[in-house]
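Please read it with the structure open.

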Amino acid sequence: EAAMARQNQADTCGKCHGSEEINKQADIAKRNLISRYKSSVHWAAIQMGRPGASCTDCHGYHSILSSERPESTVSMVGVVSVCLKCHPNEARAFREGAHARALFHGTHDVPTCTTCHGDHDIASLRVRTGDAKQWAATQVCIWCHSNERMMARYGLNTDPVESYLKDFHGLTARGTAGASATCADCHEAHHSLPSSHPQSRMNISNRGTACGECHGQVSQSFAMAFSHKKAM
């Protein structure tokens, strides 16, 4: 079979990128690419004869550039278009959200597809497998939203993280196999919008429906009772 056939690309590219010599070089930013890729849902799909991203789907064939280069297909901005090819609904929702709007205006203090899903060792977050789903749905958010210096840069504060970690959802999330609400459950993983936005799940007009997914039919007073603001 051809060396660049989808099922052979990992081994073909791995002749260099999977070598110990490459992984030991000081200027290599990301290591163990091939072994991590072979643990991903993309590789698993290819092995089963199903559609799955191969090396060239993300990096291209010839004009392969480092992710640090703005014109790279896997730059922070470029990777959204790469994922759009196979995941159009998720990528379009992300493009309409607050994180993408900041990203496209030059802010890099935001998550992209690979921040939550991984770059090569991409895990499915539809089901809870190990801590991957919990990590992506809460810890990634906490990394930034608990950083006081970063939040101050954008006129935000860390109150949401502090209150979440102290309330029922935050206290029980790790101890109940993910049964409690995570950041992504309430705010939407891709289409994250501030609660003031009319399309936000946490806008007061929509919050009852969002809470009702776990709590059943809820009253307006129930929906309004929750707040991330610190108690005075």
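The points below run from the overall fold to single residues.

1. Overall make-up. This is a predicted model. The protein contains 16 helices and zero strands. Its C-alpha trace spans about 65 × 40 × 30 Å along the principal axes. Of the 232 residues, 33% count as buried.

2. Surface and charge. The accessible surface comes to about 14,600 Å². Carbon and sulfur atoms account for 56% of that surface. The side chains include 24 positive and 21 negative ones. The centres of these two sets lie 2 Å apart.

3. Contact range. Take the contacts between residues at least 6 apart in sequence. Of these, 42% join residues at least 24 apart.

4. Main core. Which residues form the largest nonpolar core? There are seven: V79, V80, F94, A100, L103, V110 and C113. Helices α6 (78-84) and α8 (98-104) each supply at least two residues of this core. Another core, of five residues, lies apart from it and includes I34, Y37, W43 and I46. In soluble globular proteins, nonpolar side chains tend to be buried together.

5. V80 in that core. Set aside the neighbours within four places in sequence. V80 is then in contact with A91, F94, R95, L103 and C113. F94, L103 and C113 are themselves members of the largest nonpolar core.

6. Helix α1. In α1 (residues 9-17), the buried residues are Q9, A10 and G14. Seen down the axis of α1, the buried residues fall within an arc of 120°, so they line one face of the helix. An α-helix has 3.6 residues a turn, so residues three or four places apart point the same way. The cover over the buried residues of α1 includes α3 (33-37), α4 (41-47) and α5 (55-59).

7. Helix α15. What is buried here? The buried residues of α15 are R207, A210 and C211. They cover an arc of only 90° around the axis, which puts them on the same side of α15. These buried residues pack against α16 (220-225). The face turned away from the buried side carries T209 and E213, both exposed. Just after α15, G216 takes a positive phi of about 80°.

8. N203. Is N203 buried or exposed? N203 has a relative accessible area of 10%, under the 20% limit, so it counts as buried. N203 sits in the loop between α14 (183-187) and α15 (207-215). Beyond its neighbours within four places in sequence, N203 is in contact with S195, S196, H197 and P198.

9. E188. The loop between α14 and α15 also holds E188. E188 is not a glycine, but its phi is positive, at about 75°. With 28% relative accessibility, E188 counts as partly exposed.

10. N32. Where does N32 sit? N32 lies in the loop between α2 (20-24) and α3. Its phi is near 55°, a positive value in a residue other than glycine. N32 has 41% relative accessibility, which falls between the 20% and 50% limits, so N32 counts as partly exposed.

Key. Residues are numbered from 1 along each chain as its sequence is written. This is a predicted model: local features need pLDDT of at least 70, side-chain atom pairs count only at pLDDT 80 or more; totals for chains, interfaces and linings use all residues. Side-chain values use heavy atoms; hydrogens and water are left out. A nonpolar core is a set of buried Ala, Val, Leu, Ile, Met, Phe, Trp, Tyr and Cys residues joined through side-chain atoms within 4.5 Å. Buried means under 20% relative accessible area, exposed over 50%, partly exposed in between (1.4 Å probe, protein chains only). Helices (H or I, at least four residues) and strands (E, at least two) are DSSP runs, numbered from the N terminus. Contact means heavy atoms within 4.5 Å. Accessible areas come from the Shrake-Rupley method with a 1.4 Å probe; for residues, only the protein chains shown count as cover. Lys and Arg count as positive and Asp and Glu as negative; His and the chain ends are not counted. The place of a charge is taken as NZ of Lys, CZ of Arg, CG of Asp or CD of Glu. The arc is that of the directions from the helix axis to the C-beta atoms.
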